[in-house]
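Please view the sequence and the model together before reading on.

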Amino acid sequence: MADIVFSILVRTIAAGTPLLLGTLGELITERAGILNLGVEGMMAMGAVTAFIVTFGTGNPWLGMLAAALMGALMASIHAFVSVGLRANQTVSGLALTMMGIGLSGLWGKPFIGKPLAVKMEPLAVPLLEKVPFLGPLLFRRDPYFYMSVVFGLAVWFVMKHTSLGINLRSIGENPRAAESQGVKVRLYKYLAVIVGGMAAGVAGAQLSTAYSKSWIEGMVAGRGWIVIALTIFSLWEAPRAFLGAYLFGGIFVLQYMLQPLGISPNLLAMLPYGTTLMILLGYGFSSGGRRRMHAPAMLGEPYKRGEV
Amino acid sequence: MRFESVPRAGTSRVLEILAPALSLLAGLAAVGLVFLLKGLNPLFALGEIFRSSFGSVFGLTETVTKALPLILVGSGLALTFQAKFWNIGAESQLLLGAVFSTWVGLTWGPSLPGPVIVPLMFLAGFLGGALWGMIPAALKIRLGINEVISTLMLNYIAAELVKFLVVGPWKGASKHGYPYTDDLPAQAILWLFPGTRISPILLVLAPAAAATLTFLIFRTRFGYEVRVIGENREAARYAGIDFFRTSLLFMAVSGGLAGLAGTGELTAIHHHLSYPDTLSAGYGFTAIIVAWLGRLNPLLVMVSGVFLAGIIVGGDAIQMSLGLPAVTVQVFNGIILIFLIMGEFFLRNRIRWVRRTPRHG
């Protein structure tokens, strides 16, 4: 029994890690008042880039790095269009997703059906791995897991306890006030979007070089959109991002566990998407949740310096 | 020395046409760059796209075939986008239209004559798309749920639902294990112009829908309310516009039109329900660009619909001749869309050089 629980938890963590990375990235982006609906595309590009680089060099770390850069590159398009040109963020994000899905399919096609020789392997943390149960569960995972946890803690700390975080939040709530306090609003916005893109790229890399070790067209499979929903679920706070990511990781695992019971795989495939709607419904029906769903105040609104 | 943007006082008619046209050209150039990176001659590839879609009679008929659903869906999206309601779910509204029509066609088709069953199927298609489309409207207005997420989640759910139906309960007895429903009875299938896949019914229906939607958006009180919601939510609230009723209505129309497109694909092209990506060549997503390129005006949507249909047809052609995956069309879509919204900046703003940065404040 303990073995089953252990294996479920391990798989939940693995499935939740890309969601956590993506959600933390989008959380930072949205805190700066920019909505980036391109996560699905950035994750797809991250996945294909990491795969190709790892395939070519045999080094999954280089794959991760390349995916982060690719995510940053994609995000900087969105940043330029939405911050620089103050264009419609919804449409720009959608365009980014289309581009990412298309380009990843185009570049990845020659690699379909060719698994990696080396993937990102688990890395044991000395001493801590010896702790009963928790050791093997939390300290014999792959580097993506450690990174996502450290990143999450860092986001939480920076947002709550540093002027950097306070500035970032104030930009999403009231950029004019922030500007008058001497905060470089546009610079913050650019950086926030780019960091968000890097996180999405790395999330994609996890999918193609750690979670699995092959490239399949469409392998992101809506996780980018679930990330957008999880960002709302998180109420733009890092601790709740952990909760949401692992909850959904668990749902992905549940989907596979229920399959032997003879339930149609198509109905099971609806689970994560249906749950996303259910969670938002739950927020919507509780008046407190509904009120809290509306942060940050200036999300999606273009900002122009000196405009009244 | 740096650039500075200054809002234009007003935009001229010429600029209104010129800005999207130039954006389109720049977008195509960027698409060419992608081909170049792929080791393909960009001029050849782009030329191939337009030659296969607009360069022959057969190509043209195929382009029109694919333009009709795009015009139907795009006109509806123009309406919801006017209200800044981001309906990304047209793809699944189309699927639900096809599902409803399939049920009507298979259940009642055998016992009813063509002139009765065909309108009934279109009615069912509209209903299916409308009902599926009204869900996100209700969720947004009553519960504050972001419509981009709800429409996308409903897309995934509807796609799985269709797959479930065609491999499960609706799997055709005559289809030898293939994931299709049985074919519709002959009287429920649309007549096509010989040698084409164009049905005269759809050829009339799509422009008629675009014309009706233009009237609805720009000439009726309802359309006015939709535009006010889009331009200034606060003003709309002060004016006492009923957000709930209006949103349900515009999503019923938008979803319904997508549903009609689904019926059209079913009865004119496929004759049975099959896998979602067989039924729709991503029309629900491409129509987003159709609506945007048409500046949210259904009359212009007719033009942009034909253009993007050409890109789908040409994309299919070079996919086969150059061995590219089907998602390649998404590259065109994404790049063109991003250039279009960039172009709007230059439509609204003038760019000028500033030699020395003026002090602010």
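Residues are numbered from 1 along each chain as written, chains are lettered from A in the order written, and side-chain values use heavy atoms, without hydrogens or water.

The average pLDDT of chain A is 91, and 96% of its residues score at least 70; pLDDT is the predictor's confidence in each residue, from 0 to 100. Helices here are DSSP runs of H or I with at least four residues, numbered from the N terminus.

| Helix of chain A | Residues | Mean pLDDT |
|---|---|---|
| α2, highest confidence | residues 39–57 | 97 |
| α14, lowest confidence | residues 287–292 | 62 |

Where pLDDT is low, the predicted coordinates should not be read in detail.

In the interface, 51 residues of chain A are in contact (heavy atoms within 4.5 Å) with 48 residues of chain B. About 4300 Å² is buried between the two chains, and carbon and sulfur atoms give 78% of this area. Buried area is the accessible area (1.4 Å probe) lost when two parts are put together, summed over both. No salt bridges are counted between chain A and chain B. On the side of chain A that touches chain B, α4(A) supplies the largest share, 14 residues.

Helix α3 of chain A covers residues 60–84. After α3(A) comes R86(A), with a positive phi near 55 degrees.

Over all chains, the count is 11 salt bridges (a side-chain nitrogen of Lys or Arg within 4 Å of a carboxyl oxygen of Asp or Glu). One of them joins E160(B) and K163(B), with the closest N and O atoms 3.3 Å apart. Both residues lie in helix α6 of chain B, three residues apart.

Key. Predicted model: local features only at pLDDT ≥ 70, side-chain atom pairs only at ≥ 80, totals over all residues. Helix = DSSP H or I, 4+ residues; strand = E, 2+ residues; numbered from the N terminus. Expected span 1.5 Å × (residues − 1).
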